[in-house]
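Open your viewer and get ready to select a few things in turn. We will go step by step.

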Amino acid sequence: MSIDGWRPNVDTVVARWSALERDWKSVFVGVAIVALVGVLELQIPW
Amino acid sequence: MSVRRLLPGVLALCLGAILARALALSVGVNHLLLAIALGFLVTNVVGIPDRLEPGIATHKLWLGAGIVLMGASISLESVLEVGGVVLLVVVGVTATTLLVVELLARNVFGLADRMGSLLAAGASICGVSAVVAVAGAIRAREEQIAYAAATVLLFDAITIVVYPIVGDLLNLSGVVFGTWAGVSMFSTGPVVAVGFAHSEVAGQWATMTKLARNALIGAVVLAYASYYARDGGGGRPSVRTLWDEFPKFVLGFLALAVVASAGVLSSAQLDSIENAYNWLFVLAFVGLGTEIRLGDLRNTGATPAVVVLFALLVSSALSLAVLLAVL
């Protein structure tokens, strides 16, 4: 599939993300980090 | 909003966060307070370029995400142990602050009803977010919203400095200091910052207490909307308001607390999550610092500031006395 084929999907994701309330975006970011740490064993240094 | 618009500001936040962390390690000052100071200095000395503003404005998103992740570090056992008492203190102090501001504003200082209500919501629940939420429900005027928001920001700036000093002078324990900050300071960001600047335990209790307080916003907006709707001056109140105004990241925080308590995550994973929220908080506090603009603070009216100062002194002293007696 050419890069143009992905464009509508990316646009849909961006539109859905923009429509989300800020609090839900925070939850989504939190869940994404937990998923990265839990599934991919990502190690975050401090 | 496109990624290209947000990226410069988000990168500036990341840079500020790394700088704050590096400075904290070398000079031995708390990294969260340094992050706020850094943002404050940049915005008031050189100013924020327009192209950075959209990205820097995402700092509340990072604060919310950090709070969600903090759920993984919470000991449900200790929450259940003293949570009931803390919840009672939260409801008691919130109601007292709200009533004190309303009474002083209307009966002693003669402020307009709506102005008093905005100040009461900001002081008793969750700072500027509460001011904006209640303003929509009671159809407050633009300048009233600006005055009330500026007053809340003024006291956010003052309490960020004063609370840690008082906590050290009185040698308060982590639980007492955190709960005290959570129950009596105004906005969520400064509460989390001073809590973690004191200790990890204080930071967790400050955040949990503040979340419990924030969760009351729906009920307060509903009550104000109903009150002002009597004379046709407010929005149409509905039970849906309770859900609309409820801070949703509280649900993420609670869900993660349950997941972590079930033992699903290993200690290495929990460490990574803790590091992630520490970074998110530093990122958020650089942005929070950029919101403390001296020019805005000078716009605060003297009377609203005096009303809120009285209320803060009452709620702060009352809550500290109760917490020292019961915890």
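First, two notes on reading the model. This is a predicted model, in which local features need pLDDT of at least 70 and side-chain atom pairs count only at pLDDT 80 or more, while totals for chains, interfaces and linings use all residues. Residues are numbered from 1 along each chain as its sequence is written, chains are lettered from A and ligands numbered from 1 in the order in which they are written, and side-chain values use heavy atoms, with hydrogens and water left out.

**Stop 1: the interface.** Select chain A and chain B. Their contact (heavy atoms within 4.5 Å) takes 28 residues from chain B and 21 residues from chain A. Now colour Leu61(B), Lys248(B) and Gln269(B): in chain B these lose the most area to chain A, together 25% of what that side buries. Between them, the two chains bury about 2000 Å², 69% of it on carbon and sulfur atoms. Buried area here is the accessible area (1.4 Å probe) lost when two parts are put together, summed over both.

**Stop 2: a salt bridge.** Which side chain does Lys248(B) meet in a salt bridge? Select Glu21(A): the two are 3.3 Å apart, N to O. A salt bridge is a side-chain nitrogen of Lys or Arg within 4 Å of a carboxyl oxygen of Asp or Glu. Glu21(A) lies in the loop between α1 (3-19) and α2 (22-40) of chain A and Lys248(B) in the loop between α12 and α13 of chain B, so the pair joins two chains. Helices are DSSP runs (H or I, at least four residues) and strands likewise (E, at least two), numbered from the N terminus.

**Stop 3: a helix.** Select residues 142-169 of chain B, which form helix α7 with 28 residues. Where does α7(B) bend? Look at Thr159(B), where the bend is about 35°, taken as the angle between axes fitted to the seven residues ending there and the seven starting there. Just after α7(B), find Asn171(B), which takes a positive phi of about 55°.

Note on methods
The expected span of a helix is 1.5 Å times one less than its number of residues.
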